Amino acid sequence: MTQNNHHHPAPRETLRDWRTPLRVDGPPVPTPAVCHLVVGFDRHPASHAALTYAMDLAGRLNAFLHVAHIVDIDDMPIEPDRDDWEQRFADAVEHERTEACAILAALPGNWAYYSREGNPAHLLTTIAEANDALMIIIGTSRGGVMSLMERFLGESVSSKLVRHPHRPVLLVPVPTLG
């Protein structure tokens with residue numbers, strides 16, 4: 001079901017299909033992890049804050065860190081009628097993977113990066129359950145009209161995770177400057 005790319009990016013001419021679930025495993029470390037953490041990742045600042053926090057926590061707890069990017073509308077290019085729309089979509093998903101793996105390279109412990117389509121709350125929960133994760137870590141709301149609509153309709157990831165508490169959920173805010 002997942003591919004293991006073992007931390008090697010695909011050459012441009014063989015860019016993978018973004019619809020195919022992906023798992024990239026970080027380099028193994030000799031010390032086995034004592035627990036697992038799951039963190040959601042996307043291009044938003046709160047998500048980056050969540051990943052940074054999760055990496056710090058994983059180091060302190062000697063935890064295996066599972067980083068999940070859910071391919072969604074935020075990855076889609078704006079102009080769907082362009083001939084290169086599909087390529088630009090694949091490039092955006094690949095950029096998320098490259099960025100996450102570059103950040104994760106600083107982690108001295110075990111980690112895996114996942115990229116999949118689907119319902120974010122469901123996929124985060126699925127990864128957490130499969131690995132008996134200690135908790136799920138996500139960034140706080142992005143704000144704006146879309147976040148307000150998602151909260152109103154009960155579709156926000158944090159609302160869904162908190163309503164169906166299979167695992168503790170840690171919300172990480174964006175650090176304030178100043």
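**Entry 1: salt bridges overall.** I counted the salt bridges and found that the structure holds 5 of them. I note here that the model is predicted. I then went through several of the pairs and looked up the accessibility of each partner.

**Entry 2: Arg 23 and Asp 25.** I looked up Arg 23 and found it in a salt bridge with Asp 25, with the closest N and O atoms 2.6 Å apart. Are the two partners buried or exposed? Arg 23 has a relative accessibility of 21% and therefore counts as partly exposed. Asp 25 is at 16% and counts as buried. The cut-off for buried is under 20%, so I record Arg 23, at 21%, as partly exposed.

**Entry 3: Arg 97 and Glu 94.** I next examined Arg 97, which forms a salt bridge with Glu 94; the closest N and O atoms are 2.6 Å apart. Where do these residues lie relative to each other in helix 2? Helix 2 spans residues 85-104, and Arg 97 and Glu 94 are 3 residues apart within it, so about one helical turn separates them. I checked the burial of each partner as well. Arg 97 counts as buried because its relative accessibility is 6%. Glu 94 also counts as buried, at 14%.

**Entry 4: Asp 132 and Arg 167.** I looked up a further pair and found that the side chains of Asp 132 and Arg 167 meet in a salt bridge, at 3.0 Å from N to O. Asp 132 sits in the loop between helix 3 (120-130) and strand 6 (135-139), and Arg 167 in the loop between helix 5 (157-163) and strand 7 (169-172), so the pair ties together parts that are 35 residues apart in sequence.

**Entry 5: the network.** Which residues are linked with Asp 132 and Arg 167 in a network of salt bridges? I found that Glu 129 joins Asp 132 and Arg 167 in such a network.

**Entry 6: His 69.** His 69 is buried, since its relative accessible area is 1%. What does the side chain of His 69 reach? I traced the contact to the backbone oxygen of Phe 41, at 2.9 Å.

Terms used:
Residues are numbered from 1 along each chain as its sequence is written. This is a predicted model: local features need pLDDT of at least 70, side-chain atom pairs count only at pLDDT 80 or more; totals for chains, interfaces and linings use all residues. Side-chain values use heavy atoms; hydrogens and water are left out. A salt bridge is a side-chain nitrogen of Lys or Arg within 4 Å of a carboxyl oxygen of Asp or Glu. Buried means under 20% relative accessible area, exposed over 50%, partly exposed in between (1.4 Å probe, protein chains only). Helices (H or I, at least four residues) and strands (E, at least two) are DSSP runs, numbered from the N terminus. A polar contact is a pair of N or O atoms within 3.5 Å; within protein, one must be able to donate a hydrogen and the other to accept it, and residues adjacent in sequence count only if both atoms are side-chain atoms.
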